[in-house]
Amino acid sequence: MTALLEAVDVTKSYGRTPALRGVSMTIASGEIVAVTGQSGSGKSTLLHCLAGILRPDAGEVRFEGRVISTASERERSRLRRTEFGIVFQFGQLVAELPAVENVALPLLLSGLSFEKAAEFAMEWLERFEVADLADDLPGEMSGGQLQRIALARALVMSPAILFADEPTGALDSLTGEQVMRAVSGFARESGTSVLLVTHSATVAAYADREIRLRDGAVEPVEVLL
Amino acid sequence: MIRDGLITEAGQDKAGGPERTRYELTDRGRADLAGWLGQVEEPAPFVQSTLFTKVVVALLAYDESTARRYLAAQRSAHLARMRALTAAKDDSDASVADVAAADYALAHLDADLRWMQTTLDRVAALSREVTS
Amino acid sequence: MTVKTLLRLALVGGRTDRLRFAMTVLGAALACLVILAAVTVQLMPPTEVDDGTGRRDMRWRYTSWLLNVMPLRPWLVLALLALTIPALVLAGQSARLGAPARDRRLATIRLAGASPGQTRLVAAVETVVAGLVGALAGVGAYHVIRVLAGRPVVVDPNQRFIEAMPTDAFVPPEYVLTPEVVVSGHPTPLPLPSGYVLVPPNPEAFLPQPQPEPLLRLPTDAPPPGWVFAVVLVAVPVIAGLLAAIAMRRVVISPLAVVRRARTRRLRWWPLAVVAAGFALLGVHLSPRGIGDPDIWLPLTAWGAVLLMAVGVALSATPLGQLTARAALANATSPALRLAARCVLADPWTGSRSLALLLVGVLVGAASVQGLTYARARPGVVTTWPAEGFTHGLGQFAFALTIGVSAAGLLVATIEGLLGRRRTLVTLVAAGTPRGLLARAVVWQTMLPALPSIALALVVGVLAATLPRRESLAVGVPWVELFLLAATAIGALLLASALSMSVLRASTDLMELRTE
């Protein structure tokens with residue numbers, strides 16, 4: 001399979017603290033890849049660099065063969081709106097907008113009319129079984145509901161890749177399972193690639209393969225005998 | 001093990017108690033140990049005792065990076081099993097009992113992995129303390 | 001983004017956002033009203049007309065001497081325009097209310113894929129809409145005032161001169177104060193309180209009116225043409241939006257967080273250089289030869305010098321604050337003072353904007369008070385120096401307003417700072433730091449930059465009034481008035497600090513330890 005997204009020797013430091021030291025990896029179309037590691041291993045930084053949120057200090061990130069790590073902020077914002085969907089652990093919904101408008105946000109930013117965008121958004125809310133919360137504000141919802149709405153927003157533009165950073169970190173096991181089943185179910189069905197950052201093995205078990213980071217570098221996979 | 005030529009006598013200790021004999025690994029013993037450690041344990045619940053012994057031995061008989069390699073291999077095996085169990089939960093004819101059993105296995109495998117990592121970190125910290 | 005989307009994203013918000021919107025509307029409305037007043041005064045038909053034969057036709061239509069005396073008109077317009085500054089500052093400062101929540105919202109919008117340009121647009125649109133609403137309110141208020149103040153009032157014409165001219169006020173050059181003169185055609189000399197008599201340039205031209213004529217309180221008989229209103233309705237929102245964009249220029253909103261790009265914290269003394277440049281320009285203004293056409297260069301250099309001095313003094317609050325903070329850290333042992341000094345060094349710019357306005361007010365106040373001292377000591381000497389353009393009443397009003405608005409702005413900045421550090425403060429209190437210590441630190445944090453800058457403003461103000469008159473300070477320094485000036489300014493700052501104490505108490509309520 002050809003690589004949809006690849007990191008080539010990506011290096012990133014925060015001031016004098018190195019976060020990533022020459023990390024290379026690929027994600028193919030339709031794959032679910034888990035990036036695991038202890039806290040401080042650099043996995044969130046890797047996600048931010050791959051999703052175009054941060055620019056690496058050295059190395060390249062390529063999407064569909066094009067280098068995106070040196071693209072302008074406008075171009076990377078456009079990618080985040082159309083080709084990449086991003087779900088974080090929390091804090092990703094606009095607290096003052098009702099759920100349906102939160103999900104419709106990327107569509108609205110792309111110029112779609114209010115009515116059409118809301119219609120689209122409702123379809124996605126129904127798919128994740130949170131349609132009855134459409135007019136409620138994020139402050140009135142539970143963690144699992146919030147994550148499913150965030151997921152709907154991340155997927156509303158049918159992106160090529162879904163980036164998820166500790167999506168179940170704040171949730172209990174059963175609710176977390178609900179969210180992960182929604183993610184993997186949708187991914188398999190639509191062929192969307194997923195990059196999953198987590199420190200939990202049970203979450204990583206939803207992926208096809210694991211890339212483990214330690215101190216900013218990829219730990220080689222060992223197969224003995 | 002002396003009879004099989006895996007260890008030899010290396011002296012007598014007499015530190016305030018009954019006599020105790022120290023033993024040393026022979027080269028053959030070392031190779032045998034490497035073989036035993038290199039064999040990945042079948043991931044299943046109640047594998048703890050063997051796993052525990054293996055980890056401790058790996059850490060004491062070898063250096064940190066070797067131990068890490070063994071544990072990484074074990075982790076891959078554990079994860080592969082966890083993937084299979086996770087997929088099995090989604091199976092349309094899995095009953096509640098099946099799912100619960102899978103959850104049980106998953107929880108224990110996850111615990112194994114976390115314990116391995118913690119112990120590894122602990123040893124790393126200890127060896128840094130010792131060498132500094 | 002469609003317009004509907006833009007408006008929706010810009011105007012969504014909770015209680016604090018609505019408060020911010022309301023305060024911006026208020027600032028914009030006041031600015032609009034003051035601009036319209038200035039334009040009205042500028043476009044008023046003349047009240048004294050030279051008919052070409054050396055006679056002056058006095059057509060005084062208004063009750064207030066300020067509006068009737070023609071040479072005063074440019075000063076009046078300038079004073080009104082100067083009042084727009086506090087109004088715009090209010091609008092600008094209120095844009096900082098509730099900024100953290102708004103910035104988080106903008107960061108989320110960035111995460112959803114908005115480009116940096118789109119995000120700045122959303123932030124600016126809120127201010128522009130508030131500016132438009134405020135401008136409409138200002139225009140409406142203008143017309144309401146026109147109707148309410150439009151009824152003429154009958155005043156005994158012989159009383160007009162007597163009550164309208166305080167002696168220690170700015171006297172236009174054409175008028176002369178003499179001990180006594182009899183106006184031909186007039187039964188008795190017109191007395192003035194201090195024993196002087198006012199004589200208009202052509203006494204014969206002044207004839208008492210056969211009957212009292214109704215006068216207007218305000219120039220409601222001369223509204224500006226319609227296009228002026230259109231221009232104001234466009235200009236005020238646009239300016240408000242630009243100010244908001246400028247205020248946001250150091251804020252980087254990334255999808256992960258909001259980061260204020262920190263400026264280097266080296267001491268920068270260039271504001272003092274600006275003050276020196278102002279004095280240099282003053283030297284040019286006073287030099288006998290001058291450059292080129294005096295009609296252009298004299299007022300230009302005068303106003304330029306004033307502007308440079310004002311800007312320099314206003315901006316010197318930052319380096320002076322850093323200087324005193326460093327001195328405090330080197331010498332003081334009081335923990336409250338040391339804490340305040342560290343806070344000032346960590347962020348020397350918080351609150352310095354409101355302090356800037358206060359300092360300009362103190363400078364102008366000091367200059368006018370000093371100028372009055374000279375005027376009283378040497379009657380009859382008149383100059384065109386702008387420091388005396390502010391008459392007693394108008395100057396005091398402008399000063400009071402400036403102090404009030406800048407104290408309000410300082411309050412906003414202090415509260416914002418406290419709310420931002422809430423978590424640190426709560427932890428400190430929980431660990432046993434007495435609240436009294438934190439309160440004292442807040443007061444010191446305001447005073448460390450304020451005290452030296454107010455002193456500087458006083459000195460520059462006094463010098464600014466002294467040099468153009470080529471006076472010496474031996475004539476007299478109004479110590480009492482200067483002290484009162486400084487005391488009012490410091491008092492306003494202390495009041496702002498005291499009001500922020502209530503916020504401190506609420507923020508450090510230990511119930512806040514229960515995290516979200």
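The model is predicted: local features need pLDDT of at least 70, side-chain atom pairs count only at pLDDT 80 or more, and totals for chains, interfaces and linings use all residues. Residues are numbered from 1 along each chain as its sequence is written, chains are lettered from A in the order in which they are written, and side-chain values use heavy atoms, without hydrogens and water.

Helix 4 of chain A covers residues 114-127. Helices here are DSSP runs of H or I with at least four residues, strands are runs of E with at least two, and both are numbered from the N terminus. The expected span of a helix is 1.5 Å times one less than its number of residues. For the 14 residues of helix 4 of chain A this gives 20 Å, which agrees with the 20 Å between its end C-alpha atoms.

Five names make up the buried set of this helix: Phe114(A), Ala117(A), Ala121(A), Trp124(A) and Leu125(A). They cover an arc of only 100 degrees around the axis, so they lie on the same side of helix 4 of chain A. The arc is taken from the directions from the helix axis to the C-beta atoms. Buried means under 20% relative accessible area, exposed over 50%, and partly exposed in between (1.4 Å probe, protein chains only). Lys116(A) and Glu119(A) are exposed, on the face turned away from the buried side. The buried residues pack against helix 3 (99-109), helix 5 (143-155) and helix 6 (173-190) of chain A, and also against helix 1 (3-11) of chain C. Contact means heavy atoms within 4.5 Å. Just after the helix, Glu129(A) has a positive phi of about 60 degrees.

Chain C meets chain A through 23 residues, in contact with 28 residues of chain A. Together the two chains bury about 2,100 Å², 67% of it on carbon and sulfur atoms. In chain C, Leu111(C), Ala112(C) and Leu256(C) lose the most area to chain A, together 26% of what that side buries. Buried area is the accessible area (1.4 Å probe) that two parts lose on being put together, summed over both.

Four salt bridges cross this interface. A salt bridge puts a side-chain nitrogen of Lys or Arg within 4 Å of a carboxyl oxygen of Asp or Glu. Arg105(C) forms one with Glu96(A), their closest N and O atoms being 2.8 Å apart.

Chain B has four helices and two strands. From the N terminus on, its elements run β-β-α-α-α-α. Of its 132 residues, 33% are buried.
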